[in-house]
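Subject: Structure for you to look at

Hello,

Here is the structure I promised to pass on. Please open it beside this email and follow along.

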Amino acid sequence: MVSETFKITNKSGLNMRPAQVFVCAMDKYSSAITIKFKNKAINGKSIISLMAGGIKCGSEISVECSGADENEMLSEVKKLIESGLGEK
């Protein structure tokens, strides 16, 4: 398992469109991904779970990836979040 903490910087947080971008990117990996936010464990491959998590701009999240391609998955998470999940 690998993990890293990130700050969400895109203005709409993980609402519908950014959550969809995130989930679509994570679905290509075989590893499991869990997002920890406010004592909740959120399935990072579930758009409904991400949207229900209430992750807004400025939120700090911990991302845990576990499986055969966990390092590649975490690397992509970092790129996605740092790029603002497709928002400017």
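The chain has three helices and four strands. Both are DSSP runs, numbered from the N terminus: helices are H or I with at least four residues, strands are E with at least two. Along the sequence, the order is β-α-β-β-α-β-α. The chain is as compact as a globular protein of its length, because its radius of gyration is 11 Å, close to the 12 Å that the globule rule gives for 88 residues. That radius is taken over C-alpha atoms, and the rule is 2.2 Å times the number of residues to the power 0.38.

Two notes before you go on. This is a predicted model, where local features need pLDDT of at least 70, side-chain atom pairs count only at pLDDT 80 or more, and totals for chains, interfaces and linings use all residues. Residues are numbered from 1 along each chain as its sequence is written, and side-chain values use heavy atoms, with hydrogens and water left out.

**The whole chain**

The C-alpha trace spans about 30 × 25 × 20 Å along its principal axes. Of the 88 residues, 44% count as buried. Buried means under 20% relative accessible area, exposed means over 50%, and partly exposed is in between (1.4 Å probe, protein chains only). Now take the contacts between residues at least 6 apart in sequence: 71% of them join residues at least 24 apart. A contact means heavy atoms within 4.5 Å.

**Helix H1**

Which residues of helix H1 are buried? H1 covers residues 16-26, and Pro18, Ala19, Phe22, Val23, Ala25 and Met26 are the buried ones. They sit on the same side of H1 because they cover an arc of only 165° around the axis. The arc is that of the directions from the helix axis to the C-beta atoms. Met16 and Cys24 are on the other side of H1, and they are exposed. What covers the buried residues? The cover includes strand S2 (32-37), helix H2 (47-52) and helix H3 (70-82).

**Lys78**

Find Lys78 in helix H3. Lys78 counts as partly exposed, because its relative accessibility is 34%. Leave out residues up to four places away in sequence, and Lys78 touches Glu4 and Phe6. Ala68 is ten residues from Lys78 in sequence, and their C-alpha atoms are 18 Å apart in space.

Best wishes
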